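Dear colleague,

I am passing on the structure below, and after it you will find my notes. Please read them with the structure open beside you.

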Number of protein chains: 2
Amino acid sequence: MTTIGTIGVIGLGLIGGSMAIDLKRTQFVSTVLGYDKNPLNGATAQKLGIVDRVVSYEQLLQESDLILLSVPADAVIRLLPEILDRCGQRECPPIVMDVCSVKKKIIECVATHPQRARFVATHPMSGTEYSGPEAALSGLFDGKACILCDVEHSDADCVKKVECLYQALNMRLLRMGAESHDLHTAYVSHLSHVISFALALTVLDKEKDEKNIFDLASGGFSSTVRLAKSNPQMWVPIFAQNRDCLLPVVDAYMEHLKNFREAISTADTEHLNALIDEANKIRKTIK
Amino acid sequence: MTTIGTIGVIGLGLIGGSMAIDLKRTQFVSTVLGYDKNPLNGATAQKLGIVDRVVSYEQLLQESDLILLSVPADAVIRLLPEILDRCGQRECPPIVMDVCSVKKKIIECVATHPQRARFVATHPMSGTEYSGPEAALSGLFDGKACILCDVEHSDADCVKKVECLYQALNMRLLRMGAESHDLHTAYVSHLSHVISFALALTVLDKEKDEKNIFDLASGGFSSTVRLAKSNPQMWVPIFAQNRDCLLPVVDAYMEHLKNFREAISTADTEHLNALIDEANKIRKTIK
């Protein structure tokens, strides 16, 4: 089995932490180095045994065979070119990978970089609404889809290792162009977050007048509003970077919403029936 | 402990079935009679041991000490006046209760009925996105809120028995006027369903062109779209009956959505941060 000696995890949150736990558990990596710009996250990750050692940023770049950049999308754009610069100075440059939910801008920011081929753009599609090293958990990626983007611009040996890494986490691998990826995730992930944030804002607004509204919140509301607990550090850069894909998707959603509202407004029960029948087809695809 | 001899359940679906299971299990009722206009549901409920006997509609009205009307809101409006007529002919008229998610129109439809006081309007706030007797399950109501509406128009002995019934299911009892109830449920339940139906329609529309979009659906999408599996027989009458409360709530939601869209569109990351920070306050109230 292809394995990796030392992995360096930059960003010890939910994703980086969960990957570190299972890569160590499955013995896919021998040593996990960790760095987080927030020293508290480093200390917590160390205490929880998520990393073998918390090291300096310099040391991580120097000693890792594979660098996992598990930070928000804006931080990736800030750090990635510089990391590739520094890696290029090593005799045997490491593999660098990110795990963001948005890919086009990230890939563009290193498109002409001399070390571009050492970078593999990935998106393991799993998560929870919680963040930080305390939220990291074993099994988070088990059975889920992972997309590798624009692999033709990465060295074959890098792609191979990264694929083995995700196989060790038991992920289903898919390959996709960055543009397709960003459009698809706008539909199946980013839109759900927009919807949920707007729902939370609507109900919180109402709660200002009606103190006990949440007494009545049943399971239906909890599941629809769950994603509204997701943190802005991760989501603002995703929305900003994926704006061009996301806006038409939000607009398409608003059209469906208006249409549904109109059917309620005119008490057109036949139309409402037809719309809900159609929506029910989601049962076939989502368990 | 106050108990009931014979309960008659009209409508052997998720709610009626789940209540029957636990009322029998806790020995709050001795005998469960069942009727469903769909004979297949009756046969399934009998086979699964949800009811002691499936009987005719006539027989159920004649023999039950308490009649549980667990049918969609439009069927309640059709059946309730007639059931109260018939019950009035019995020497000792039974208690009649409904379990709908919308209350004002139902209460109005029997406001001047001579047997009005035998009716208790209730809303046990629990459910799943599935329906039919196969979906019924023990523990569905455990620890959840149950609202009794306009109890001042029901006989005290009826209200007492119905409260005991819900206590046997371990529900948290609340009392509320029908108008308040309908507005609150528009916020914390009906709006979530509208949102989820519109999401399903949006993504299904896209899938017509892109066959593999659901390969990418992660946990976030599943939880936001879950309610879109809910059936039209139940939800069309709720939307129709609660139209006056629901439309302004949908409009408030659309305003928040437009505002959020605008912040994405102008790449106003500061505003997006503030909106998500605000939305995150939902963490305090929803576990």
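In what order do the eight strands of the open sheet in chain B lie? The order is E3-E2-E1-E4-E5-E6-E7-E8, and the pairing is mixed; strands (E, at least two residues) and helices (H or I, at least four) are DSSP runs, numbered from the N terminus, and two strands pair if DSSP finds at least two bridges between them.

Before going on, please note that this is a predicted model, in which local features need pLDDT of at least 70 and side-chain atom pairs count only at pLDDT 80 or more, while totals for chains, interfaces and linings use all residues. Residues are numbered from 1 along each chain as its sequence is written, chains are lettered from A and ligands numbered from 1 in the order in which they are written, and side-chain values use heavy atoms, with hydrogens and water left out.

To return to the sheet of chain B, strands E3 (53-54) and E8 (172-176) stand at its edges with a single partner strand each, so one side of each is left without a neighbour in the sheet. Strand E1 (residues 4-10) of chain B runs parallel to strand E4 (residues 66-69) of chain B and is joined to that strand by four bridges, and within this pair Ile7(B) stands opposite Leu66(B). Helix H4 (residues 73-88) of chain B lies across E1, E4, E5 and strand E6 (119-124) of that chain, at about 170 degrees to E4(B); angles run from 0 to 180 degrees between N-to-C directions, and axes are lines fitted to C-alpha atoms, for helices over the stretch in contact.

Between the chains, helix H10 (residues 243-265) of chain A packs with helix H10 (residues 243-265) of chain B at an angle of about 170 degrees, their axes being 11 Å apart. The two helices are therefore roughly antiparallel, a term for angles over 145 degrees. Residues that meet here include Leu246(A), Tyr253(A) and Arg261(A) from H10(A), and Leu247(B), Met254(B) and Lys258(B) from H10(B), where contact means heavy atoms within 4.5 Å.

In chain A, finally, Asn41(A) is found in helix H2 (residues 39-47). Asn41(A) counts as buried because its relative accessibility is 19%, the limit for buried being under 20% relative accessible area (1.4 Å probe, protein chains only). Leaving aside residues up to four places away in sequence, Asn41(A) touches Leu12(A), Asp36(A) and Pro133(A).

Technical notes: Parallel < 35°, antiparallel > 145°, perpendicular 65-115°, else oblique. Buried < 20%, exposed > 50% of the residue type's maximum accessible area, 1.4 Å probe, protein only.
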